[in-house]
Every structure is written in C-alpha cells, then in structure tokens.
Amino acid sequence: MGALLKSISKLGLAAYGLAAFVIVADQLSKYWILYVYDLPARFSTPIAGPFSLTMVWNRGVSFGLFRADADLVRWLLTIFSIGVAIALAIWVRKAHRPLLAVGLGLVIGGAIGNAIDRIRFGAVVDFLDFQRLGFFPWVFNVADSAITIGVVFLLLDSLRKESAA
C-alpha cells in the first residue's frame with residue numbers, strides 16, 4: 001500500500017481528495033433534496049431571483065440529452081461513467097499541473113456522483129434550476145456542476161504554454 005501511495009503525485013492525491021469531496025457534497029445535497037426538503041412532493045420552489053429548486057429525474061446523458069428509459073441504457077451509462085472515472089483516476093496519479101489535477105478531480109467526483117444515482121434510482125437527481133435566466137434551459141445538480149467546471153479547468157490546462165525543461 002505504501003508503494004502505491006508513493007507512486008501517486010501530491011497533486012494526484014489532492015485530486016482524489018477533491019473527487020471524494022464532490023461525491024460527498026453531491027450525495028448529501030441529493031439526500032437533503034429527496035428526504036429532508038421532500039422536493040418530489042413540492043416539484044418546484046422559487047428560492048431567489050431566477051433560482052428555483054425543481055425536481056427532475058434525468059434519465060438522459062448530460063442535461064437530459066439522449067433520454068434513456070430502457071434499463072439496458074441505464075446500466076450502459078453507469079458502466080461508461082465508472083469507466084471514465086477509473087481512466088481519469090489512473091491519469092491523475094502522475095499529475096504535476098494544478099489545473100489538470102483540479103479538473104480531473106472534479107470530473108471524477110461528478111461522474112461517480114451521477115453513477116451512484118443511476119445505480120440507486122435508475123436516474124440522476126437534478127434540482128438546481130436557473131431556467132428563468134432565459135439562456136440556461138437545464139436543471140442540474142452538484143455533480144453536473146463539478147463536471148462542467150472540471151472540463152473548463154481541463155481546457156484551461158490544455159491552453160497553457162509548455163515550459164522549456
């Protein structure tokens with residue numbers, strides 16, 4: 001076990017910690033929405049300005065695209081999400097750039113958070129609703145936010161200039 005930990009960079013360990021934080025934050029927020037606040041019974045609640053809590057069971061891929069009602073598709077999406085998370089977890093082991101580590105940690109945590117929902121519920125729990133802004137037509141969750149922000153970090157990392165070594 002010690003040799004395995006030594007083969008992981010400090011940024012890789014930080015990325016794993018960030019992924020774990022995202023998973024916990026995502027699942028706790030969904031627990032609160034489903035069982036404490038009971039959003040399914042309320043359907044939608046305006047909070048402030050353009051922000052509402054709206055219950056959506058997302059059976060699609062991202063942001064409800066490519067709706068997947070068939071059980072086979074649900075499990076294929078789950079396997080795909082877990083496979084992506086594993087591949088990214090292997091990649092981040094050797095991370096030496098902060099943007100890369102943060103981006104991968106966020107995407108790993110988000111992918112696993114949504115995979116947990118697909119396993120537990122057969123759909124992803126979405127509830128953050130900013131549709132009244134007019135240009136943002138999706139309802140999403142903490143995991144989706146982490147994936148989106150993670151991809152932005154990965155894009156920023158890809159634009160960095162290579163330093164002469």
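**From one side chain to the whole chain**

Select Leu 88 first: leaving aside residues up to four places away in sequence, Leu 88 is in contact (heavy atoms within 4.5 Å) with Leu 104, Val 107 and Ile 108. This is a predicted model, in which local features need pLDDT of at least 70 and side-chain atom pairs count only at pLDDT 80 or more, while totals for chains, interfaces and linings use all residues. Residues are numbered from 1 along each chain as its sequence is written, and side-chain values use heavy atoms, with hydrogens and water left out.

Next, select Leu 88, Val 92, Ala 95, Ala 101, Leu 104 and Ile 108, the residues with the most contacts inside the largest nonpolar core, which has 13 residues. Such a core is a set of buried Ala, Val, Leu, Ile, Met, Phe, Trp, Tyr and Cys residues joined through side-chain atoms within 4.5 Å; buried means under 20% relative accessible area with a 1.4 Å probe, protein chains only.

Now colour helix 2 (10-36), helix 4 (71-92) and helix 5 (98-121), each of which supplies at least two residues of this core. Helix 5 gives the largest share, 6 residues. Helices here are DSSP runs of H or I with at least four residues, and strands are runs of E with at least two, numbered from the N terminus.

Then move to another core, apart from the one above, with 11 residues, including Ile 33, Leu 39, Phe 127 and Phe 140.

Finally, display the entire chain, where 6 helices and 4 strands follow the order α-α-α-β-β-α-α-β-β-α. Of its 165 residues, 39% are buried.

Definitions and conventions
Buried < 20%, exposed > 50% of the residue type's maximum accessible area, 1.4 Å probe, protein only.
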